[in-house]
Structures are given as C-alpha cells and as structure tokens.
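Student: I would like to learn how to read a structure feature by feature. Could you take me through one, giving the general idea and then the case at hand?

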Amino acid sequence: MKTKKWLTALAGTAVVAVALTGCSNTENDTAASEGEAAKSGEPITLEMWAWASNIEKRVDAWNAANPDVQVRLTKPGGNEDVPTKIITATRAGEGPDIAQAEYGQLPSMVISDVAREITDDYAPYAEKYAPAINDLVTFDGAVFGVPQDIGPTSMMYRHDIFDEYGFEVPTTWEEFAEVAEDIRAAGDGDMYIANFAGGDADLFVGLTMQAGANWWTVDGDEWKVDIDSQASRDVLAFWQDMVDRDLVSVVPGGTPEWNSMMNDGKILTNVSGVWAAGVMASIVPDTIGKWKGARTPEWTPGVQTVGYRGGSVNFVTTSSEHPKEAAEVILWLNASDEGAEGLAEISKFPAALHGQDSLSTPPALMPEDEEYWPLATEIAQDTFPIQWGPNPNVAFAAFTDEVGKALTNGTSVVDALPLVQKAVVDDLKASGFNVAE
Amino acid sequence: MTTTAQRPRAPHRSAAAARRRRPTPVPYVFVGPAAILFVVMILVPLIYAIYLSFRGQRISGGGAFGRKQDVFVGLENYITTFTNPELLASLGRMLAYSAIMVPILMGSALLLALLLDSPRSALTGTTRTAIFMPYAIPGVVGSLMWGFLYLPSTSPLHWIAEQFGIQLPNVLGQGLVYGAMANIAIWGGVGFNMIIMYTSLRSIPGEIFDAARIDGCTEFQIAWHIKIPFLMPALILTGMFSVIGALQVYSEPITLASMTTTIHSTFFPLMAIHQAAFQNDNLNLAAAMSVVLALGILALSLIVLRLSQRKTLGEDR
C-alpha cells in the first residue's frame, strides 16, 4: 500500500499544476518590461507592444530622430490573446507604455482601465481624421487612442480567371450569387467564387453592418445588443444558401487548406479589409499580379456604404510612467503627416487622411494595379459609423463556435445568431453593465 | 503534454527512519527541496487560484463606459461553472475521448511490451527505440504533423487513395474527430508506457518462466498467467498516468482546432478554461473552473486507484 500514498500525491500534484498553468502563464510573459524610472535629464525608454507588420521600421525612424525618448518594440505573436495579456500586465503594473489594439478591443481597454485618456494631446490632430474615425476612439467625449490603420471592406478578385472565362465582376450580392453559379459550371468544376470561412466573426460584423446591423449601441448608460437582428439574419441566410447550393467552399480561413485553394485558383474572390492586399502576398505568392481590387458587392443596389473589417489603434497605458512622451510617440507615428506617410510606405492603409493620399505604390499582391489605393481611399469615404461594445471578444468566440457547430452539424448558420446574442448579453450583465432588453 | 507527461519516481524506501526515537535534522534536509518546491510551485498558486475564484471584475459607477473593479463575488463563479451547459458538455466530450484513448493506449502498449519480451522476437533494441521515438516529439509538433496528414487537401494519404479512385473519409469531421485526436495521443504515448511495462517484465525472475515451460505452458499462457499478473503495479501506474493525461487533453485539440470547425474553442474543459482566461478576460471564472476540474480529476484518480488496488494488489496479500 505504500505506492498508493505517493501515487496519490503525485497524481493530485500533477493535476493541479496542469489545471493551473492557465492562471500562472501571464506572470512570466511580462518579465521583460521593468519600468525604467528615468532620472531627469537621462534618456527614457518606452515599452511598446504592437503586432503590426513592419511597424519596427517606423519605430526605428522615431528612435533615430529622438535619442532622448527611445521606444523598445516587442511584438506579441498573433493578436487573439494579446488584449488579455496587455490588460493582465497593466493591472500588475508591468504593462508596456504603448500598446496596439483593434478598434473593437479599445472599449474593453477603456473599461478595464488600461487605456489612458489623451483627449488634450489628441485635440490638435483630430482634423487629420475623418469624423467617423475620431468616433472610434472617443468614449463619453474622451479620447483613448490614436487611429493607425483602417479596414473598410473591399473585395479582391482573380482578374486573370475572370477574364479568361468572361465572368462579370459582381457589384451586388445578387449578382455575386449568379456569378457563383457560372463559376461552378466553368472549367473542371472545382472553382468557387469565394470561401465561407464561417468562423470569421470580424468579417461578418462588417458584412452585417453593410446590411444595416448594429451589434452594439449605447443608449444613455445602457447597452443595447442587436446581434440577432433581421439584417444579420439576412446576411447569414444569404451565405447559408450559398453553402447549401455548393456555390462557396467551406474551409476554415487561414488554414493550410485555404491557403492551397487560394494559391491554386480554386477560390476566386476574397472579401476583407482593404489592407488584405498588403498582407496576402506572402500567403498566396503564386498569384501575385493576378488579383485586382473592387468594391464589396452591395446589398441595396446603388448604396455603396460599407462596414469595417479590422484596423487598429495605438494607445497609452494607465501604468505608463511617461504618458506625455508615450502620447507624443503615437501621435507622431500615426497622426502626423510624416508618420501617416510612413505608414503608407509600409503598406498600411492609414487612418489619417493625409496618409491615404500619399499611398502611391500598389500593394505587393497586385504590383500593377495602380487603381487599388485610389479605390480604397474612395471606399473609405463611404463607411458606416461603428459602435463597438465592451465584449466583442465574447461575441467573436461565440460566433466562431456556433457557426462552426452549425456547419459541422449541417444546421442553418442563422441559428447561431440568437446564441451569440445571448452569450454577449449574459456576459455584459455578469460584468455589471446595464443592458436594455 | 500528451498522455504521460510525468515520469515515475522511485518509491520512498521506508518510513522507518522517520519513526526513530532521536530526532535528527537529516530527514528534514532530505525532504526540504521537495517541500519547498511543493509550497512555492503548487500550494501558493493553488491558494491564489482559490482566492481568485471568489473574486470578479465588475463595472462600478454605472454608465456605458464604467470602469471594472476587482470585487468579492462569493460563489458566483462556481455557480456559473456548474450551470454552464457548454462546460458540462465539454466534460462529457472529455470522458468520451478518455474512454476511447486510454484502453487503446494501454492495450497496445501492453501488447507491444509482451511481444518485445517474447523470446522469439528479433531486433528488440531498434524496435523499442522506434516505438519510443514519438514520445520525444513535442505534442504540438506531433499534432501539426498529424493534422496535415488528416486534412484532405494537404494529405499525401488522400492523394494516394485518390489515384486509386478511393475517397478517404475526412477524419476531422464529426464522429471521427475523437479517433483522430486519440490517435495522436496514442502515437505519442504508447512508447513511454511500453517501456515502463517492458522494464517491469525484464525484472521478473527467469526461473518462474523455466518452471512454467517445464510444466508445459505455451508462450501465450505464460503471458496471460504470469507476466500480466506480475505487471499489475506497472499497469496501474501507467493506466493512472494515461487517465490523467486523457482528462487533461489540450495540445492535440487546440492545434487541430485551427484546421477544422469540428473542434470549437470550448471543446474540452482545459480549452474552455483557456478561453475564459485569455479570450474573455475572465481569470476569476477560469480559476473557479480550474479548481473544479482539478478536484474532479483528483477524486476520479483516487477512485480508480482504490478500485484497482482492491482488485489486484489486495489479492496478493
């Protein structure tokens, strides 16, 4: 019976240890940033966490010009877990001075008391942005972030294959479905107009916005959640119909399977943010030069207004010991004319209007499409104002799971909407928000 | 991280030393490192997790953009844990997975150990190493590799089958996905379990086998009547590790989840805990879920251990 005791102890120990790793991980991740309290006169170093591709080039430019305020960039991998990492680190007083967040993540940064108010610093730069963009970083009249890039939704399509078979580039979703049929009938029958990556909640927020949905709205001090709205149902029903008729492929986005289908010319369009052309080149290198940009198909013919997909801001954290300097850095990086031009140079679609005008080199994916950036700039002028709620992370996770389940079980993806709605409302209530019924 | 992350330690020699009359500091020095590690790495985090599980981030001051504050919420997190149907469903999936994975893992490890130990087997050293090798490959790497083999569009197996006009099923689809995950865990864990059993087999005195053979035992009868009963302690040990490993399944599903919609983000309990902590920014709920899961596994482990000891070791006495 001797073995029993140590076995039990060992077993219990191992169990608890593994179950708890979830809670102890974050403590290690922040070890690198120790607030270097600068004595006056000495150069200070600001910690910055940002995942944007090539942003290090812009940070280097700042560092070269500002020996007294150096920025040390850390690139957290991916951006799914990053918001929580920033929140946890900042609560522990070990966060960076500057961080990056998607527009949808900024409200939770404000509510978690992680983003610092920069209203006064921002005021002179407000005119650099379209009013709808300023609204994205303004909460209860206070500004909490500096917009970096934006992603009005657009479509890119394989112009070589469209030309070869004489497909029309669809301008409405109705036409989109018609062209989809033509594409299925053409060639070897292995081409699809698009892929329905059901889990891509971020994209579907934008697409349902285009149809008139507003997932979150503020009414006084109450939140109104309208994810399960007629507009959302229409959009998902449209895609469900495309899935049912085998007019779109159904593979999870960003997977090796999706990559190979995109590369092999099996998927002929991609609806995403205008920035996608900048990052797709490395994913589908075989198709460089074969894509062109176009507007997202319209729901109501003649109404070109679209929603957003992606885009992000920089903000100063509440744990920063040098908030003034940190704000200066992010205003220079994103809002100043010099900074906005620099963002254009690294293939971002800058949120600042000046930066949009300075985009001259076509994106890497379509090096000959001189029309791409001018079109993107035009699209950007006609976007819906968007209100992000405090918990898009909950909405996105629930959306991905429920749509995935529906696809797996063969039930309608429209049925996912009430479940997502419930998950979001429950989470808001549990956190203590007032939620309008 | 697969089935058998913990290697067995040598059992304590005897408790007799501790019971001697004159107390000396020696035993405390010996037990010191383990005790310190236990307190710092296990006890303190455990107590902190329990503390966290009774707290929560709540909006104060009202308003649509009020600030979250850390407050005491009593049993709220535990109530959420027990009333969340998705978490209960994930527990069910975990048990289903364990029911598939553990018997096959144990069975094949035992079979391989017995085969290697049989007097007529050749190339035992090479075979042993080959079977053990996957255990040295990190679970995530193994899962990625298997994932590429599973995905119809990237799998060479699917391609070969297609050349012969055969359509292989998508093993990442519903139903088969449990087998797909179990396969990775078994592939990774069978070598480790086999080595434990094999080593234990080698320590059985040879005279017993000689006696059995003189009595006319076949190799199969020797395996069934002598080797397996002798193996019982090793079987219980590896079985225990396998059960615990199965209940903590994480790296296989989380790696495969990015390749298929079949595995959603709360498919297994540890995935649900990770999601609560790192996507939904609810460390407190994650802590409560962890505590519940840890207690559940501990209770289950004790039950399994007690039952198996009563059945097997008990008879030897």
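Student: Which residue stands opposite Glu222(A) in S12(A)?

Tutor: This is a predicted model, in which local features need pLDDT of at least 70 and side-chain atom pairs count only at pLDDT 80 or more, while totals for chains, interfaces and linings use all residues. Residues are numbered from 1 along each chain as its sequence is written, and chains are lettered from A and ligands numbered from 1 in the order in which they are written. Strands of a sheet pair through backbone hydrogen bonds, either parallel or antiparallel. Here, Asn434(A) in S12(A) is the residue that stands opposite Glu222(A). Strands (E, at least two residues) and helices (H or I, at least four) are DSSP runs, numbered from the N terminus, and two strands pair if DSSP finds at least two bridges between them.

Student: How many bridges join strand S8 of chain A to S12(A), and in what order do the strands of the open sheet lie?

Tutor: Strand S8 (residues 222–225) of chain A is joined to S12(A) by three bridges, and the two run parallel. The open sheet has three strands in the order S7-S8-S12 (chain A), with mixed pairing. Its edge strands, each pairing on one side only, are S7 (216–219) and S12 (434–436) of chain A. On average, neighbouring strands of this sheet are turned by 40 degrees against each other, direction ignored; axes are lines fitted to C-alpha atoms, for helices over the stretch in contact, and angles run from 0 to 180 degrees between N-to-C directions.

Student: Which helix lies across S8 and S12 of chain A?

Tutor: Helix H18 (residues 416–430) of chain A lies across these two strands, running at about 165 degrees to S8(A).

Student: How should I read the packing of two helices, and at what angle do H3 and H7 of chain B cross?

Tutor: Two packed helices are described by the angle between their axes and the distance between the axes. In chain B, the axes of helix H3 (residues 85–117) and helix H7 (residues 176–202) cross at roughly 40 degrees and come within 7 Å.

Student: Which helix of chain B is largely enclosed, and why?

Tutor: A residue is buried if 20 or more other C-beta atoms lie within 10 Å of its own, exposed if 12 or fewer, and partly exposed in between, with C-beta atoms placed from the backbone. Helix H11 (residues 269–278) of chain B is largely enclosed by the rest of the structure, because ten of its ten residues are buried; among them are Met271(B), His274(B) and Phe278(B). Just after H6(B), Gly165(B) takes a positive phi of about 75 degrees.

Student: Is Pro170(A) buried or exposed?

Tutor: Pro170(A) counts as buried because it has 22 C-beta neighbours inside 10 Å. Pro170(A) lies in the loop between helix H7 (159–165) and helix H8 (173–185) of chain A. Leaving aside neighbours within four places in sequence, Pro170(A) is in contact (C-beta atoms, placed from the backbone, within 7 Å) with Glu175(A), Phe176(A), Val179(A) and Pro297(A).

Student: Where is Val140(B) found, and which residues is Val140(B) in contact with, leaving aside its neighbours within four places in sequence?

Tutor: Val140(B) is found in helix H5 (residues 139–150) of chain B, and is partly exposed, with 14 other C-beta atoms within 10 Å. Beyond those sequence neighbours, Val140(B) is in contact with Ser251(B) and Thr255(B).
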